[in-house]
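Dear colleague,

Please read them alongside the coordinates.

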Amino acid sequence: MREIIIRPNEAGQRLDKFLTKYMALAPKSFFYKMLRKKNITLNGRKATGQEKLSVNDTVKLFLSDETIDKFTEKKTLHQPADMPPADLDILYEDRHTIFINKPAGMLSQKAAKNDISLVEYMIGYLLKSRQITEEELCTFHPSVCNRLDRNTSGIVAAGKTLAALQELSEMFRERSVKKYYLCLAAGTVTQGAHISGFLTKDPRTNTVIYSTSMTKGAARIETEYRPLSTGNHVTLLEVHLITGKTHQIRAHLASQGHPIIGDYKYGDRKINDRYRSEYGLTSQLLHSVRLCIPECTGTLSGLSGKVITAPLPELFQRICEDKKIQRSFLKWPHGVQED
């Protein structure tokens, strides 16, 4: 027999949903049969599986350890030796949330089964620091609330608890979190702009097509930018990402004639080849530099009104300095400031 005490990250869901996570390899028919025969009970009583779980509820499995183990999915966390979880650049962390400065080249989430993403590194860190257990991972997985392209660096927000994951994700969906990026764009930009349009995704090439008019399947986008400093044929831009669609900043700036340096999908190959040869640059110079959190209460009250900032990557900073970009715009603090 195994007794499970429902924890905060497991509460609020139906019993049958919880059981299918706890023993992910078992068919649903197995659970309903065990519930009917009272081999699975809730708070000492027969249950149907439709009951909503609350904190400290007791689920008893009158099953052998062999049966439970047979139906429990063993999850393997891939953690390359050259970048252990302890090396995460953590900008801010509290009981419920964690904000990480993602390097260019790392996925925010898995795109394929065997991928290693920021989520795996984060879970490895939480396991190592004993903030979560292997058993808890059977029914709840901490995850990210916003995603950056693989070759975009900067701030990724994640929920360590179910309530925080849900509430923070909702903030991003409602666009109440303000998102700012820095990028090095080709050419001289002298004035800021507030631009809008439409993006259509081409899944065959994993690219988007920008248009000023609505077409079938297109998503509306809105971007705001302002030049901070100009240098040798480049401009450092601060971009306010208002909507947040796939490749939005990259495609939008390219449509304005100012593609991001290092962006081979939407940029100028000749310029990019020159930067690759001179600096070894292999990713676009686009960095999520600042998140402004709105006033909030409850689970996320500790974040209320905070501004999370991430310093520029070393290579990004060095290229800007070489191109005579004003240094005062390159020194972003690490961590949290009050709004």
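**Salt bridges and accessibility**

In this predicted model, glutamate 136 has a relative accessibility of 18%, and because buried means under 20%, the residue counts as buried. Its side chain meets that of arginine 7 in a salt bridge, with an N to O distance of 3.9 Å. The pair links distant parts of the chain, since glutamate 136 sits in the loop between α4 (118-128) and β7 (143-144) while arginine 7 sits in the loop between β1 and α1 (15-22), 129 residues apart. Arginine 7, for its part, is partly exposed, with a relative accessible area of 25%.

A salt bridge also joins the side chains of lysine 60 and glutamate 3, again at 3.9 Å from N to O. This pair, too, links distant parts of the chain: lysine 60 belongs to strand β4 (residues 58-61) and glutamate 3 to strand β1 (residues 2-5), 57 residues apart. Lysine 60 counts as partly exposed at 25% relative accessibility, and glutamate 3 is likewise partly exposed, at 45%.

Within helix α5 (residues 162-174), glutamate 170 and arginine 173 lie 3 residues apart, which is about one turn of the helix, and their side chains meet in a salt bridge of 2.6 Å, N to O. Glutamate 170 is partly exposed at 30% relative accessibility, whereas arginine 173 is exposed, with a relative accessible area of 57%.

Finally, Arg2, Asp65 and Asp69 are linked in a network of salt bridges, and a search of the whole structure finds 15 salt bridges.

Best regards

Definitions and conventions: Residues are numbered from 1 along each chain as its sequence is written. This is a predicted model: local features need pLDDT of at least 70, side-chain atom pairs count only at pLDDT 80 or more; totals for chains, interfaces and linings use all residues. Side-chain values use heavy atoms; hydrogens and water are left out. A salt bridge is a side-chain nitrogen of Lys or Arg within 4 Å of a carboxyl oxygen of Asp or Glu. Helices (H or I, at least four residues) and strands (E, at least two) are DSSP runs, numbered from the N terminus. Buried means under 20% relative accessible area, exposed over 50%, partly exposed in between (1.4 Å probe, protein chains only).
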